[in-house]
Amino acid sequence: MMGDKPNKNLGQHWLRDRATLEQVAAPAELTTSDTVLEIGPGLGTLTRVLADHAGRVIAVEFDRELADELEATFASPILAGPGPAKVEVINADFLQFDLNQLPAGYKVVANIPYYITNKIIMKLLTSENKPGVAVLLVQKEVAERLAAKPGQMSILSVAAQFYADVELGIVVTADKFDPPPKVDSQVVILHPHLANPILARPGPAKDIDEKQFFRIVRAGFSQRRKKLHTALAGGLNISTSEAKKLLQTAGIDSNLRAQDLTLSDWHNLVKQSKIFL
C-alpha cells in the first residue's frame with residue numbers, strides 16, 4: 001500500500017472521495033482519445049479517475065517515494081483497475097518539465113500544490129505547447145483572483161485572462177482533505193488562447209507587444225492604493241501630467257486604480273503608450 005503520510009513541505013493534502021474527484025475532473029470532458037497531464041498525483045486517487053476516462057495519463061510527481069509507488073501501482077493491471085488509460089509516472093519537478101513532449105491539445109487535470117500555484121499556472125499559459133484546457137484545484141482565494149472582475153483585478157488575474165478564458169468550478173471544502181488545509185479549495189478552468197495571445201485575441205490586442213503590455217500592467221499595480229496616474233508615473237518614470245495625458249488618450253479615468261481596469265482598458269493603454277514611452 002502507498003504511504004499515507006503527507007509531506008507538509010510539498011503542500012500535500014490528500015483528496016480521496018471518489019464522487020468529489022469525479023466532479024473535479026468533469027470540466028475537462030475527457031475521452032479515450034485524450035492525453036491528460038496530472039501535476040502532483042500524490043496517492044493516485046485522482047489518477048485513477050483520469051485513467052477511467054482518458055486514453056493516456058502522464059502523471060508528474062516530484063516526491064520520489066510517491067512516484068515509485070505510483071509506478072508500481074499502475075504497472076499492475078489488478079491494482080490499477082479496469083480503466084482504459086495507460087498511466088505513465090514521471091518523477092520530476094513540474095517547473096522543469098518539458099511540455100513540448102506532450103501531444104498538441106493535451107489536457108491538464110490536477111490538484112496542484114498551493115505553494116507553487118502561480119508558477120504552475122503561468123508555465124502552462126505561457127508555454128509554446130499550451131494545453132487545450134487546464135482544470136486545476138487550487139485555493140479558493142486564488143481561484144477567485146484568477147477569475148476576478150474589474151474592481152477586484154490583480155496582476156495575476158490580468159495575466160491569466162490575457163492568456164486564457166477563466167471559469168470557476170466547484171468548491172471543495174477543507175474537510176474533504178487529509179490533512180485538512182486551512183482554507184477551502186475551488187476548481188478553476190482555464191481555456192488557453194492556443195495561438196499567440198496577441199494574434200488570437202480580437203480587436204485592440206492584435207498590435208500589442210506582450211513585453212510592453214506587462215511592463216504597463218506592473219507599473220499600474222506598483223502602488224495599488226494610489227490612483228492610476230500616480231502609479232503609472234512612478235512605475236514608468238514619467239511625469240504625473242504625462243501619465244494623466246496617457247490615460248486621457250486611452251479613454252481611461254485617471255482617478256481609477258489598477259484593479260478597476262478591464263483587459264480592454266489595458267490593451268488601449270498599451271497601444272497609446274507608444275506616443276509617450
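1. Start with a loop. Asn-237 lies in the loop between helix H10 (228–236) and helix H11 (240–249). Its phi is near 60 degrees, a positive value in a residue other than glycine. Asn-237 is exposed, with a relative accessible area of 71%. Here exposed means over 50% relative accessible area, buried means under 20%, and partly exposed falls in between (1.4 Å probe, protein chains only).

2. Some ground rules. This is a predicted model, where local features need pLDDT of at least 70, side-chain atom pairs count only at pLDDT 80 or more, and totals for chains, interfaces and linings use all residues. Residues are numbered from 1 along each chain as its sequence is written, and side-chain values use heavy atoms, with hydrogens and water left out.

3. Glu-29 also has a positive phi, about 50 degrees, although it is not a glycine. Glu-29 sits in the loop between H1 and S2. It is exposed, at 62% relative accessible area.

4. Now the overall make-up. The protein chain has 12 helices and 9 strands. These are DSSP runs, numbered from the N terminus: helices are H or I with at least four residues, strands are E with at least two. Buried residues make up 49% of the 277 residues.

5. Look at the sheet next. It is open and has 7 strands, in the order S4-S3-S2-S5-S6-S9-S7, with mixed pairing. Two strands pair if DSSP finds at least two bridges between them. Strand S4 (86–91) and strand S7 (164–172) stand at the edges with a single partner strand each, so one side of each has no neighbour in the sheet. The twist averages 20 degrees from one strand to the next. Axes are lines fitted to C-alpha atoms, for helices over the stretch in contact, and angles run from 0 to 180 degrees between N-to-C directions.

6. Strand S5 (residues 107–111) and strand S6 (residues 133–139) run parallel and are joined by 5 bridges. Val-109 stands opposite Val-135 in S6.

7. Helices cover this sheet in places. Helix H3 (residues 64–75) packs on the sheet, touching strand S3 (56–61) and S4. The direction of H3 makes about 160 degrees with that of S4. Helix H5 (residues 117–126) lies across strand S2 (35–39), S5, S6, S7 and strand S9 (185–192). H5 runs at about 170 degrees to S6.

8. Which residues of helix H2 (residues 45–53) are buried? They are Leu-46, Thr-47, Val-49, Leu-50 and Ala-51. These pack against helix H1 (18–25), S2, S3, H3, S4 and S5.

9. The largest nonpolar core has 58 residues. Such a core is a set of buried Ala, Val, Leu, Ile, Met, Phe, Trp, Tyr and Cys residues joined through side-chain atoms within 4.5 Å. Leu-37, Leu-124, Leu-136, Phe-213, Trp-266 and Leu-269 touch the most other members. Helix H7 (residues 155–163) gives the largest share, 6 residues. Another core lies apart, with 26 residues, among them Ala-25, Val-36, Val-49 and Val-135.

10. Gln-186 is in strand S9. It counts as buried, at 7% relative accessibility. Its side chain reaches the backbone oxygen of Gly-169 at 3.1 Å. Contact means heavy atoms within 4.5 Å. Beyond its neighbours within four places in sequence, Gln-186 is in contact with residues including Leu-136, Val-138 and Ile-170.

11. One last check. A cis peptide bond joins Asp-178 and Pro-179, with omega about -10 degrees. Pro-179 is in the loop between strand S8 (177–178) and S9.

Definitions and conventions
A polar contact is a pair of N or O atoms within 3.5 Å; within protein, one must be able to donate a hydrogen and the other to accept it, and residues adjacent in sequence count only if both atoms are side-chain atoms.
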